[in-house]
Amino acid sequence: MKGQLVALARTIRNWWRSHVEVDSTSRTMFYKILAAQTRGGVRLLTICQMLKDKAQLPNGVRQLAQYGADAARSGRLASEGFAESGYLPPTDAGILCVAEQNGTLTDALAELTDEERQSRTFFTGVFKPTAFQLVPASVAVGMVTASPKLLSDIVQDDAAREAMPLHMVATFLQSFGPAIGIFIAVFVAFCWWGRSRLTQHRWLLTLFNRDWLDQIAIAYCRLGASMTRQGATHLQTLQAFADAYRSTYVWHMIPLATRDVTDGRAYAVSLADRLLPADIAELLEALVPGEDRTRYPNAFETLAAMQEAQLVNHYAVRARGLKFIFMATAAGFLVLMFHGLFNAAQTVASQVGVF
């Protein structure tokens with residue numbers, strides 16, 4: 001029990017450090033500084049020693065550099081210190097560790113600072129572009145939910161008021177709205193949790209599954225291109241991916257692919273429906289006839305570009321659909337509100353004999 005509490009406390013601490021103390025903007029700045037210095041041939045130890053003393057930098061970035069400098073001085077990889085600090089997301093820290101080991105740190109830093117890569121998530125690719133449409137939709141729903149009090153002030157006849165569509169919808173929202181909201185929040189939380197953890201029954205994640213698997217495929221293709229260019233074997237690439245992308249799903253799939261490769265099964269077939277979609281795995285097999293190792297870097301780069309284009313299109317379609325839902329919700333509830341008020345005015349007028 002004590003160990004679990006310690007692990008939970010460490011998880012919370014690392015989340016705070018990697019999301020608040022060193023947010024995405026500070027993290028990108030840190031990566032760009034590392035990229036510029038490493039391109040010039042400066043060692044990570046020297047860079048970290050310089051950054052930890054820079055008073056102009058955020059405290060979190062200076063602490064991150066301190067961890068890297070301490071690790072490098074002790075004869076370890078500086079990126080191991082980054083990982084231990086908790087100031088970087090585990091995936092980013094894993095990528096840097098693998099890159100520092102195989103000598104591709106400059107390429108990895110260029111990838112981590114790529115603006116398109118930073119924005120290619122479900123939240124920033126789908127929800128964020130349509131979030132402004134959520135405001136009028138929320139206002140319209142709130143107005144309808146609060147309308148019974150207004151209707152009771154206008155229409156004194158309980159039977160006439162309860163027969164109005166506006167009153168019926170508002171009553172339903174007041175009764176079941178909180179439960180519906182909680183259900184949606186729980187479902188989204190489950191999908192967020194399950195994307196990296198569920199290995200079976202992934203159909204439960206619905207719309208939140210495909211894009212995450214595409215991200216895994218893109219990440220593997222990028223790492224595969226880098227590793228094979230350095231002469232790494234298939235097994236070394238698989239192990240490097242397990243080290244870099246720390247999720248239950250990846251850790252579950254890596255042993256399966258490793259077993260098949262060890263047993264002599266084709267590389268692309270071993271990756272299919274695990275780390276690569278089946279169609280992408282088939283294309284990999286076609287791009288590398290006879291598993292010619294010299295063809296793998298270009299093949300992986302081609303596949304990564306294809307998956308990126310598909311993912312961008314996937315997010316664009318989802319964003320348009322979500323935008324339509326928000327707009328339709330706002331319009332529908334506003335029409336319902338005005339229709340209800342008009343009915344209320346008609347009811348009052350007929351009661352006093354105007355009509």
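Helices are DSSP runs (H or I, at least four residues), numbered from the N terminus. The structure is a predicted model, in which local features need pLDDT of at least 70 and side-chain atom pairs count only at pLDDT 80 or more, whereas totals for chains, interfaces and linings use all residues. Residues are numbered from 1 along each chain as its sequence is written, and side-chain values use heavy atoms, with hydrogens and water left out.

Within helix 4, the residues Gly60, Val61, Leu64, Ala65, Gly68, Ala69, Ala71 and Ala72 are buried. Buried denotes under 20% relative accessible area, exposed over 50%, and partly exposed in between (1.4 Å probe, protein chains only). The buried residues of this helix pack against helix 1 (2-21), helix 2 (24-39), helix 3 (44-52) and helix 5 (78-85). Glycine 75, which follows helix 4, has a positive phi near 90°.

The largest nonpolar core contains 65 residues. A core of this kind is a set of buried Ala, Val, Leu, Ile, Met, Phe, Trp, Tyr and Cys residues joined through side-chain atoms within 4.5 Å. Phe82, Tyr220, Phe241, Leu271, Leu275, Leu276 and Leu284 have the most contacts inside the largest core. Helix 13 (residues 210-229) supplies the largest share of this core, nine residues. Phenylalanine 82 is in contact (heavy atoms within 4.5 Å) with Phe30, Leu34, Cys48, Leu64, Gly68, Tyr87, Leu88 and Leu96, leaving aside its neighbours within four places in sequence. A second, separate core has ten residues, among them Ala170, Leu173, Leu336 and Met337.

The structure holds 15 salt bridges, each defined as a side-chain nitrogen of Lys or Arg within 4 Å of a carboxyl oxygen of Asp or Glu. Arginine 274 and aspartate 260 form one of them, at 2.6 Å from N to O. Arginine 274 lies in the loop between helix 16 (267-271) and helix 17 (278-287) and aspartate 260 lies in helix 15 (residues 248-262), so the pair ties together parts that are 14 residues apart in sequence. Both partners are buried: arginine 274 has 15% relative accessibility, and aspartate 260 has a relative accessible area of 6%. Arg259, Asp260, Arg265 and Arg274 are linked in a network of salt bridges.

Arginine 76 pairs with glutamate 80 in another salt bridge, with the closest N and O atoms 3.5 Å apart. Arginine 76 is partly exposed at 36% relative accessible area, as is glutamate 80 at 27%. In the salt bridge between aspartate 53 and lysine 52, the closest N and O atoms are 3.4 Å apart. Aspartate 53 is exposed, its relative accessible area being 57%.

On the surface, Phe172, Phe176, Ile180, Phe183, Ile184 and Val188 form a nonpolar patch with about 580 Å² of accessible area together. Isoleucine 180 is found in helix 12 (residues 165-194) and is partly exposed, at 36% relative accessibility. Patches consist of residues with over 30% relative accessible area and no salt bridge; like charges are joined within 9 Å and nonpolar side chains (Val, Leu, Ile, Met, Phe, Trp, Tyr) within 5 Å. Accessible areas come from the Shrake-Rupley method with a 1.4 Å probe, and for residues only the protein chains shown count as cover.

Methods
Helix = DSSP H or I, 4+ residues; strand = E, 2+ residues; numbered from the N terminus.
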